[in-house]
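Could you help me get to know this protein by working through a few exercises? Keep the structure open beside you as you go.

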Amino acid sequence: MSNSQTLQRPYRETGRPRSLFARTGRPAWLEVDLGLLRDNIALLRKRLPAHVQFMAVVKADAYGHGAVPCAEAALDAGAESLGVAIVEEGVQLRAEGVPSPIVVLYPEAPERAEEFLRWNLVATVADLDFARALQKAAEKEGRPVGVYLKVDTGLGRYGLLPADLPEFLAHLREFPLLKIAGLLSHFATAGDRDREYVARQLDEFQTLLDALKAAGEDLEAISITNSGAFLEWPESYFNTVRLGILMYGLYPSRFSEPTVPVHPIARWKTRILRLRELPAGASISYGRTFRTERPTIAATLPIGFADGYPQALSNTGDVLVRGQRARVLGQVCMDAVMVDVTDVEGTVKGDEVVVFGRQGGREIPVSELAERAGTSVYELLSRLGPRLPRVYFDHGAPASSQDS
Ligand SMILES: Cc1ncc(COP(=O)(O)O)c(C=O)c1O
């Protein structure tokens, strides 16, 4: 018996199921344990000096886990603010009643400035056009708008170059309704092997902060730490960390030092739809990349790359069936994956299958799937499709679960 409980949160009580697939009981779903999410945040917070704020990064639908429930759980666990990538993600949270500061971490096009005022979102600014548009929108509304300034210390993606920042700040004085909330930068190699480059970026950031201080600029929030930096670079914390992947219980890469024992909060499950006995010499799936060498029992699973199971796992991925590994046979299709259950005794149609996560004491970590597919845990999670219902629990597993 499980002591788990399905969470009753406002977004569930509205009577609007989060997706058609949840309502119809599709035999493929993602279990998300919000209790573990809160535990992870508590664990991460313990590392932080009291003055350091925690921005929970919930962009890309909370890395596939579901933005609204994860945002609410993160705020319950004491996160002070939320980070998203695009305006729509901020609007989604606001529309569902999330009250905290929400920072859109990437600069947007000037035409979108009014949305920041309408939905009370904090903008990230790295050019004068967007700053000007925000000022105009703020004048129209008759109230200020919060902005972070983004500086590029070496990622080469967004942001002002440090040398341009003093002049940019001088220009911003022409936009009095822009309330500068702080300064952001982002690491290129934190959590990776290139420690030297992290040190260089950090150095660049610190030099800039010193110069701004000397010039009398007083910036409230200073933030450069992501999960990789959190694990190995406490000197990067300043007064706000922005954490994503660690919160969801995973490490940024296989080179990360696992210095905080977080737990993965999600498990992907499905059920065996068909069991087929095939003779030796039969081919399986498109392109006939797999042929049976012995009489084989192949189980068909009703998931595919349209749900986020990478096609790169054709003939190389494993799933768990009755606590044992079963290998993917042939090409992963858009809506089906075949696996070899010949050696999994007692397998029957309808058996629960774990695509990633634990079952019967064994585990298929997301990191293993990502590595075998030649991608990152970030990409694998954020590509989990909208057809996959997310089922939320608070510590535990559903009563119907076969696993321990
Ligand atoms: C600007 C920004 N800050 C913070 C994060 C969080 O990174 P992580 O998930 O590695 O903690 C991301 C994620 O890519 C990001 O783009």
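Before we start, one cut-off: a residue counts as buried if 20 or more other C-beta atoms lie within 10 Å of its own. Also keep in mind that this is a predicted model.

**Exercise 1. Work out how well strand β11 and helix α5 are covered.**

Step 1: Take strand β11, which spans residues 274-278. The count of buried residues among its five residues is zero, so this strand is hardly covered.

Step 2: Look for its partner. β11 runs antiparallel to strand β14 (residues 296-301), and five bridges join the two. Arginine 276 has alanine 298 in β14 as its bridge partner.

Step 3: Now turn to helix α5, residues 67-76. Nine of its ten residues are buried, so the helix is largely enclosed by the rest of the structure. Among the buried ones are Pro69, Cys70, Glu72 and Leu75.

Step 4: Go just past the end of α5. There, glycine 78 takes a positive phi of about 105°.

**Exercise 2. Find the neighbours of strand β3 and say which way its side chains point.**

Step 1: Start with a general idea: in a regular strand the side chains alternate between the two faces of the sheet.

Step 2: Check that on β3 (residues 81-84). Ser81 and Gly83 point one way, Leu82 and Val84 point the other way, and all are buried.

Step 3: Find the first neighbour. Strand β2 (residues 53-57) pairs with β3 in the parallel sense over three bridges, with alanine 56 opposite leucine 82.

Step 4: Find another neighbour. Strand β4 (residues 102-104) also pairs with β3 in the parallel sense, over three bridges. Here valine 103 is the bridge partner of glycine 83.

**Exercise 3. Is glutamate 89 buried or exposed?**

Step 1: Locate glutamate 89 in helix α6, residues 87-95.

Step 2: Count what surrounds this residue. Glutamate 89 has 23 other C-beta atoms within 10 Å, so it is buried.

Step 3: List its contacts. Leaving out residues up to four places away in sequence, glutamate 89 touches Lys59, Ala67 and Val84.

Step 4: Compare sequence with space. Aspartate 61 is 28 residues from glutamate 89 in sequence, while their C-alpha atoms are 7.6 Å apart.

**Exercise 4. Describe the open sheet of four strands and what packs on it.**

Step 1: Write down the order, β5-β6-β7-β8, with parallel pairing.

Step 2: Spot the edges. β5 (123-125) and β8 (221-223) each have a single partner strand, so one side of each is left without a neighbour in the sheet.

Step 3: Zoom in on β6 (residues 145-150) and β7 (residues 178-184), joined by six bridges. Valine 147 stands opposite isoleucine 180 in β7.

Step 4: Bring in helix α8 (residues 128-141), which packs on the sheet and touches β5, β6 and β7. The direction of α8 makes about 170° with that of β6.

**Exercise 5. Which residues are closest to the ligand?**

Step 1: Of the 13 residues that surround the ligand, the closest are Asn226, Ser227, Arg242, Gly244 and Ile245.

Step 2: See where the shell comes from. The elements giving two or more residues to it are α11 (227-232) and β9 (240-243).

Step 3: Sort the shell by type: six nonpolar, six polar and one charged.

Note on methods: Residues are numbered from 1 along each chain as its sequence is written. This is a predicted model: local features need pLDDT of at least 70, side-chain atom pairs count only at pLDDT 80 or more; totals for chains, interfaces and linings use all residues. A residue is near a molecule or strand if its C-beta atom, placed from the backbone, lies within 6 Å of it. Ala, Val, Leu, Ile, Met, Phe, Trp, Tyr, Cys and Pro count as nonpolar, Asp, Glu, Lys and Arg as charged, and the others, Gly among them, as polar. A residue is buried if 20 or more other C-beta atoms lie within 10 Å of its own, exposed if 12 or fewer, and partly exposed in between; C-beta atoms are placed from the backbone. Two residues are in contact if their C-beta atoms, placed from the backbone, lie within 7 Å. Two strands pair if DSSP finds at least two bridges between them. Axes are lines fitted to C-alpha atoms, for helices over the stretch in contact, and angles run from 0 to 180 degrees between N-to-C directions.
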